[in-house]
There are 2 protein chains.
Amino acid sequence: MDTANTIAERYIAVWNETDAARRRALIAESWLDGATYVDPLMAGKGHAEIDGLVSAVQARFPGFRFALLAADGYGDRLRFSWKLGPADNDDMIKGTDFAVVEDGRLREVNGFLDKVPAAA
Amino acid sequence: MDTANTIAERYIAVWNETDAARRRALIAESWLDGATYVDPLMAGKGHAEIDGLVSAVQARFPGFRFALLAADGYGDRLRFSWKLGPADNDDMIKGTDFAVVEDGRLREVNGFLDKVPAAA
């Protein structure tokens, strides 16, 4: 499979892509049909629902950017940590996601939060 | 489901139980039949194989103890961090495991390593 870092960077690119057509194309390239996403706040299955979740987060945090902090993996398992924030405070939110990969695309992502703002 | 912490503590207790009969009983209580375990070094499916993996780690690190560092979860998803080491250096090895729970028992555990000794 592609390296953990390559797959994780592709995943982060989806979350940062605010052009709807480009974002949907990136999702189709990087997620399997019928893939699942779940975190403590939301869940979705398939490209359209995953696109909806990403859009909702972008609407909730306009102008914020995701960045990859670390990635590792073995076999079809992948783990990566990320941060999200505005340019002047770019680790306002942090998380770690666990993923299962199949044929180079994401089959399942389970997200956990490592840091959330006290006032969120 | 039971709290993340309760399930994680039960999981750690299995890794620390060196009495074979008690360990097998703990595994039967805390893991589903047919449950899977995978980490960067080993993998197993079902109570007998999981017991074999735990025994192998105990044989590789005699006298070492696992301890829970943190646990969190949502829905049927669970994450916990642990440390392993001898009494005088008790975080020689650290890891984070991601699990899926069903009816209060573990269905799947995927382990990742956070710290390994330089000389390992």
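In this predicted model, helix H2 (residues 20–30) of chain B packs against helix H3 (residues 47–60) of chain B at an angle of about 130°, with the axes 10 Å apart. Axes are lines fitted to C-alpha atoms, for helices over the stretch in contact, and angles run from 0 to 180 degrees between N-to-C directions. H2(B) and H3(B) are therefore oblique to each other; angles under 35 degrees count as roughly parallel, over 145 as roughly antiparallel, 65 to 115 as roughly perpendicular and the rest as oblique. Helices (H or I, at least four residues) and strands (E, at least two) are DSSP runs, numbered from the N terminus.

H2(B) contributes Arg23(B), Arg24(B), Ile27(B) and Ala28(B) to this contact, and H3(B) contributes His47(B), Ile50(B), Asp51(B) and Val54(B). Contact requires C-beta atoms, placed from the backbone, within 7 Å.

Between the chains, 10 residues of chain A are in contact with 10 residues of chain B. On the side of chain A that touches chain B, the elements giving two or more residues are strands E3 (65–74), E4 (77–85) and E6 (105–115) of chain A.

Chain A superposes on chain B by a rotation of 180° with 0.0 Å of shift along its axis (RMSD 0.0 Å), by least squares on the C-alpha atoms of residues with pLDDT of at least 70 in both. The two copies are thus related as by a two-fold rotation axis. In chain A, the C-alpha nearest the axis belongs to Phe98(A), 3.7 Å from it. Of the contact residues of chain A, 100% recur in chain B.

Residues are numbered from 1 along each chain as its sequence is written, and chains are lettered from A in the order in which they are written. Local features need pLDDT of at least 70, side-chain atom pairs count only at pLDDT 80 or more, and totals for chains, interfaces and linings use all residues.

Definitions and conventions:
Two residues are in contact if their C-beta atoms, placed from the backbone, lie within 7 Å.
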